[in-house]
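This briefing is intended to be read alongside the sequence and the coordinates.

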Amino acid sequence: MIKFFENYDLSALNTFGVPAKAKYFVEVKEEVEIAELFRDPIFKNNQKLFLGGGSNILFTRDFDGLVILNSLKGIEIINETDEEVVVRVMGGEIWHDLVKFSVDREYWGLENLSLVPGTVGAAPMQNIGAYGVEIKETLESVEAFEIETGAKRIFNKEECELGYRTSVFKTSLKGKYFISAVNFVLSKKGKMNTSYRVLQEYLELNKIEARSPKDISDAVVAIRKSKLPDPRVTGNAGSFFKNVFVDREKLEELKKQYPEIPSFEEDDMVKVPSGWLIEQCGWKGKKIGSTGVHDKQALVLVNHGGASGQEIMDLSQKIIISVKEKFGLNLEREVNIM
């Protein structure tokens with residue numbers, strides 16, 4: 001039976017570690033509890049926020065509604081051939097635990113996404129990506145419950161409308177479904193992806209001849225640990241901003257003034273790393289009160305201790321304004337603001 005709490009402290013449930021409280025709070029541990037939850041008057045009569053690992057959210061105030069923590073656990077192989085496996089993963093599983101599950105069995109597909117913070121249920125919402133890979137490459141389907149009716153629906157990959165750090169669950173169906181499980185197709189054969197420049201350089205520098213998913217995973221973990229702060233030590237939500245996409249005409253215009261500007265071709269657009277833009281504006285390593293920008297990765301905003309969510313939000317706004325003034329480009333927050 002599910003249990004509701006009132007005036008619940010959320011500071012330990014967001015990786016920024018900022019203070020915030022929920023009017024009501026409930027934790028869902030079993031899929032059978034979802035129907036019970038959806039029938040409850042507290043659920044029906046309050047604003048709702050579904051929470052996973054709290055790694056992609058910034059609370060700027062208390063939440064005047066119900067926070068539902070997805071603690072559904074379980075990883076199982078539901079189909080297997082000589083070539084691949086289909087893995088069903090419950091939404092409350094920690095993402096990196098799934099990666100470890102796959103690399104330990106030498107399944108290919110998720111190794112480049114090692115150490116990405118958060119839970120499995122949040123991954124398709126964001127179409128998480130890192131080191132040249134996005135989950136849309138391995139996603140088979142998403143299992144979700146419609147909040148209004150309680151009906152369960154299975155979304156195939158096309159129906160998820162996965163794009164750069166977005167999906168149908170962040171656009172037309174935002175707030176309308178609770179993701180309970182995600183199914184992935186993983187390969188038993190070597191499909192190594194070392195195309196991402198930083199990963200290539202790390203392998204070459206350390207004379208690593210990658211032969212297994214674990215080799216790639218270990219390299220990605222080492223790179224991430226060298227660049228990104230541990231949220232258990234320094235509050236952060238990983239990359240706070242999305243990268244910027246421009247057309248080739250805009251890029252050529254920028255190159256006239258900033259010939260060293262990095263860029264990467266993606267389909268019919270060009271990606272400009274937001275971290276570089278922020279660094280050129282002098283923000284990298286800068287500290288303002290209890291907040292600041294990480295000294296090794298300008299995309300990461302940090303809570304040095306005691307910062308409020310609003311202070312971090314204010315810092316992000318200053319960064320957005322400075323990039324706009326210097327480059328004429330619009331930074332977009334990747335983190336969800338509450």
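The points below are grouped by topic.

The structure is a predicted model. Its largest nonpolar core has 45 residues, and a second, separate core has 41. Two open sheets with antiparallel pairing are described, one of four strands and one of three. The count of aromatic pairs comes to 14.

**Nonpolar cores**

- In soluble globular proteins, nonpolar side chains tend to be buried together.
- Within the largest nonpolar core, which holds 45 residues, the members that touch the most others are Phe241, Leu277, Ile278 and Ile319.
- The greatest contribution to this core comes from helix 10 (residues 309–327), which supplies seven residues.
- Beyond four places in sequence, Phe241 is in contact with Ile278, Leu299, Leu301, Ser316, Ile319, Ile320, Leu331, Glu332, Arg333 and Glu334.

- Strand 18 (residues 291–293) pairs with strand 19 (residues 300–303) through three bridges in the antiparallel sense, and Val293 has Leu301 of strand 19 as its bridge partner.
- Helix 10 packs on this sheet through contacts with strand 17, strand 18 and strand 19, and its direction is at about 35 degrees to that of strand 18.
- Three bridges also link strand 13 to strand 19 in the antiparallel sense; here Asn236 has Val302 of strand 19 as its bridge partner.

- Strand 14 (244–246) and strand 15 (264–266) are its edge strands, each pairing on one side only.
- From one strand to the next, the twist averages 40 degrees.
- Strand 15 and strand 16 (residues 269–272) run antiparallel and are joined by three bridges; Glu265 stands opposite Val270 of strand 16.
- Helix 8 (residues 248–257) lies across strand 14, strand 15 and strand 16, at about 40 degrees to strand 16.

- Most residues other than glycine have a negative phi.
- Glu106 has a positive phi, near 60 degrees; it is located in the loop between helix 3 (95–104) and helix 4 (123–126).
- Leu115, which is not a glycine, has a positive phi of about 65 degrees, and it is also placed in the loop between helix 3 and helix 4.
- Glu106 is partly exposed, at 48% relative accessibility, and Leu115 is partly exposed at 28%.
- Thr138 belongs to the loop between strand 9 (133–134) and strand 10 (139–146), and its relative accessibility of 7% makes it buried.
- Excluding neighbours within four places in sequence, Thr138 contacts Gly109, Leu110, Asn183, Phe184, Val185 and Leu186.

**Aromatic rings**

- There are 14 aromatic pairs. In one of them, the rings of Phe50 and Phe178 have centres 4.8 Å apart and planes at 15 degrees, so the pair is stacked.
- Phe50 lies in strand 3 (residues 48–51) and Phe178 in strand 12 (residues 177–187), so this pair ties together parts that are 128 residues apart in sequence.
- Phe50 is partly exposed, at 25% relative accessibility, whereas Phe178 is buried, at 2%.
- Phe155 and Phe169 form an edge-to-face pair, with 5.0 Å from centre to centre and 80 degrees between the planes.
- Phe155 belongs to strand 11 (residues 152–156) and Phe169 to the loop between helix 5 (157–160) and strand 12, so the pair ties together parts 14 residues apart in sequence.
- Phe155 is buried, at 1% relative accessibility, and Phe169 is buried, at 4%.
- One aromatic cluster is formed by Phe5, Tyr8 and Phe25.
- The charged end of Arg105 sits over the ring of Phe101, 3.7 Å from the ring centre.
- The charged end of Lys326 sits over the ring of Phe327, 5.8 Å from the ring centre.

Methods: Residues are numbered from 1 along each chain as its sequence is written. This is a predicted model: local features need pLDDT of at least 70, side-chain atom pairs count only at pLDDT 80 or more; totals for chains, interfaces and linings use all residues. Side-chain values use heavy atoms; hydrogens and water are left out. A nonpolar core is a set of buried Ala, Val, Leu, Ile, Met, Phe, Trp, Tyr and Cys residues joined through side-chain atoms within 4.5 Å. Buried means under 20% relative accessible area, exposed over 50%, partly exposed in between (1.4 Å probe, protein chains only). Contact means heavy atoms within 4.5 Å. Two strands pair if DSSP finds at least two bridges between them. Axes are lines fitted to C-alpha atoms, for helices over the stretch in contact, and angles run from 0 to 180 degrees between N-to-C directions. Rings of Phe, Tyr and Trp (its six-membered ring) pair if their centres lie within 6.5 Å; planes under 30 degrees apart count as stacked, over 60 as edge-to-face and the rest as tilted. A charge sits over a ring if NZ of Lys or CZ of Arg is within 6 Å of the ring centre and within 35 degrees of the ring normal.
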